[in-house]
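User: I want to learn how to read a model like this one, feature by feature. Can we work through it together?

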Amino acid sequence: MENRRNSRVNPYQHNKPKQYSSEEMVFGIQSVTEILRSGKDIDRLYLIKEGSFPEIQQLAFERRVTIQRVPAEKLDRITRKNHQGAICFVSAIHYAKLSNVIAGVYEQGHVPLLLVLDRITDVRNFGAIARTAECAGVQGIVIPARGTALINADAMKTSSGALSHLPVCREVHLEETLKYLKDSGIKVVACTEKTNNYLYDVDMSGPTAIVMGSEDDGISEELLRLADHHARIPLVGQVESLNVSVATGVVLYEAVRQRIFSEPPVDEGF
């Protein structure tokens with residue numbers, strides 16, 4: 001999410017064509033079927049609206065891969081080759097299971113610090129966020145199954161290798177995910193301009209999941225309702241918003257500051 005004074009959506013932003021990299025794209029019925037069988041993680045699976053693909057659909061169901069039914073024109077824009085109505089994008093990483101990440105953090109005796117990204121769509125923003133998160137000691141990033149940036153070569157490069165070390169968990173319903181985090185003893189803090197509470201007044205020294213929202217419209221209302229705390233970054237200049245990756249860095253390092261200075265001083269024997 002961009003921390004902003006007034007939420008404004010650029011009406012022309014959605015008219016820009018998406019850029020796809022052929023390095024992670026697989027197309028054709030047989031090829032898509034085989035990639036689903038291989039066990040590799042899939043970022044996107046597009047099927048033509050009027051097509052019937054029983055085997056692909058069954059494999060996608062078993063793998064919990066979300067199918068997006070789209071018109072032929074969309075597939076033709078992605079590739080001019082014979083896609084046969086089926087295109088998928090292979091993720092550059094292996095997704096982790098959120099319950100395993102949380103269990104591992106607690107078992108190691110650490111205090112959870114997680115990052116939930118609600119519909120961050122810019123690949124480079126995502127990579128930059130991952131880099132900052134890894135440096136700040138975040139133990140896992142949570143993203144939705146739909147409406148998020150492709151984790152491709154650009155994301156890996158922008159993260160400067162952080163995505164090779166930082167677990168990323170992909171969840172179908174972020175609402176259920178936030179409920180699960182709260183049931184696991186983790187406080188949910190939503191960074192939003194829709195509050196009068198400043199970031200520095202929220203205690204993040206304990207188990208915390210920080211929610212950052214989309215570049216367009218911030219955190220969804222459903223997730224805001226589930227958050228334990230809302231927090232905003234103070235803006236005192238003329239520009240109305242921060243880039244979401246910058247805003248994430250501000251929030252994460254406030255959590256880091258609180259954790260460092262909430263620890264008892266080390267007795268050095270003097």
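User: By class, how many nonpolar, polar and charged residues has the lining of the largest cavity?

Analyst: This is a predicted model, so keep that in mind throughout. Start with the general idea. Rolling a probe the size of a water molecule over the atoms shows where empty space is left. Here the lining of the largest cavity has 3 nonpolar, 2 polar and 5 charged residues.

User: How many cavities of 30 Å³ or more does the count come to, and how much space lies in the largest cavity?

Analyst: The count comes to 1 cavity of 30 Å³ or more. The largest cavity holds about 50 Å³ of space.

User: Which residues line the largest cavity, and where does the largest share of the lining come from?

Analyst: Ile42, Asp43 and Arg44 are among them, as are Arg64, Val65, Thr66 and Gln68. Ala145, Arg146 and Arg170 also line the cavity. The largest share, 3 residues, comes from β2.

User: Which residue forms a salt bridge with Asp43?

Analyst: A salt bridge needs a side-chain nitrogen of Lys or Arg within 4 Å of a carboxyl oxygen of Asp or Glu. Arg170 is the partner of Asp43, with the closest N and O atoms 3.6 Å apart. Arg170 lies in β7 (residues 168-171) and Asp43 in β2, so the pair ties together parts that are 127 residues apart in sequence. The model has 9 salt bridges by this rule.

User: Now the sheets. In what order do the 4 strands of the open sheet with mixed pairing run?

Analyst: The order here is β1-β4-β2-β3. β1 (25-27) and β3 (67-70) stand at the edges with a single partner strand each, so one side of each is left without a neighbour in the sheet. The twist averages 20° from one strand to the next.

User: In what sense do β1 and β4 pair?

Analyst: β1 and β4 (residues 86-90) pair in the antiparallel sense, over 3 bridges. Phe27 has Ile87 in β4 as its bridge partner.

User: Which strands does helix α2 lie across?

Analyst: Helix α2 (residues 54-63) lies across β2 (42-48), β3 and β4. The helix runs at about 150° to β2.

User: What is the order of the open sheet of 6 strands?

Analyst: The order is β7-β6-β5-β9-β8-β10, and the pairing is parallel. β7 and β10 (229-231) are the edge strands, each with a single partner, so one side of each lacks a neighbour in the sheet. Here the twist averages 25° from one strand to the next. At the β7 end, 4 bridges join β7 to β6 (residues 140-144). Ile141 stands opposite Val168 in β7.

Conventions: Residues numbered from 1 in each chain as written. Predicted model: local features only at pLDDT ≥ 70, side-chain atom pairs only at ≥ 80, totals over all residues. Heavy atoms only, no water. Pairing = 2+ DSSP bridges. Helix = DSSP H or I, 4+ residues; strand = E, 2+ residues; numbered from the N terminus. Axes fitted to C-alpha atoms, helices over the stretch in contact; angles between N-to-C directions. Contact = heavy atoms within 4.5 Å. 1 Å grid on protein atoms, 1.4 Å probe; cavity = no way out; pocket = protein on both sides within 12 Å on 5 of 7 lines; lining within 4 Å. Points joined across faces, edges and corners; volume = space filled by probe spheres on them. Nonpolar A, V, L, I, M, F, W, Y, C, P; charged D, E, K, R; others polar.
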